[in-house]
Amino acid sequence: MQDLPNLFLIGPMGAGKSTIGRLLAAELSRQFYDSDHAIQNRCGADIPWIFDVEGEQGFRLREIHMIDELTRLSSVVVATGGGAVLREENRRALRERGTVVYLLTTVDQQLKRTAKDRNRPLLQCANREQVLNDMFAQRDPLYRATSDIAVRTDRRSPRAVVNEILRRVHRLVDPLEPASPPHSSGTFNHKVSQ
């Protein structure tokens, strides 16, 4: 299992990136990083405060530096923020330094999972559903273009999602022997349809 590449999780807020990332890292005996939490720890401030003081642009600059740093590590699982794919620098770092997994979810699921979350500045508005729909329309093509595989998370247990990710990543690494552990490492840009 140590021969698998770095695994980078992308997708919208509420898709389960942090939960699934922690489980994946535990399964693979790897270090887990959440880029948003890493930014907060580095700054000593939460994301709403960073947005208030520096604006979204300031946050995105911090995010570029953090994703560059995290993707240079070895044998890691990294969960990114929902907007990380907006910057080409991030998309390139993710694609070139590991296998990228797009966690898909519906806007309905996002609304349920983020209903009480006050730590998401872009959702502090009257019409959260419209904001999520607009973000999906803008970001879904970027998620798809950046990812190696796409996995649905709606109405599925995190463990089932983790099992599917591992099965599909193994298939990317060694398509001729999907049942055996991989014996190679590196970057994989092969796309697998969902």
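Helices (H or I, at least four residues) and strands (E, at least two) are taken here as DSSP runs, numbered from the N terminus. The structure is a predicted model, in which local features need pLDDT of at least 70 and side-chain atom pairs count only at pLDDT 80 or more, while totals for chains, interfaces and linings use all residues. Residues are numbered from 1 along each chain as its sequence is written, and side-chain values use heavy atoms, with hydrogens and water left out.

The protein chain contains seven helices and five strands, which follow one another along the sequence in the pattern β-α-β-α-α-β-α-β-α-α-β-α. Of its 194 residues, 49% are buried, that is, under 20% relative accessible area with a 1.4 Å probe, protein chains only.

Helix α3 spans residues 47-71 and packs against helix α4 (residues 88-97) at an angle of about 10°, with the axes 9 Å apart; the axes are lines fitted to C-alpha atoms over the stretch in contact, and angles run from 0 to 180 degrees between N-to-C directions. The two helices α3 and α4 are therefore roughly parallel to each other, a term that applies to angles under 35 degrees.

Glu69 lies in α3 and is partly exposed, with a relative accessible area of 37%, a class that lies between the buried limit of 20% and the exposed limit of 50%. The side chain of Glu69 forms a polar contact with that of Arg42 at 2.7 Å, where a polar contact is a pair of N or O atoms within 3.5 Å, and within protein one must be able to donate a hydrogen and the other to accept it, residues adjacent in sequence counting only if both atoms are side-chain atoms.

Methods
Parallel < 35°, antiparallel > 145°, perpendicular 65-115°, else oblique.
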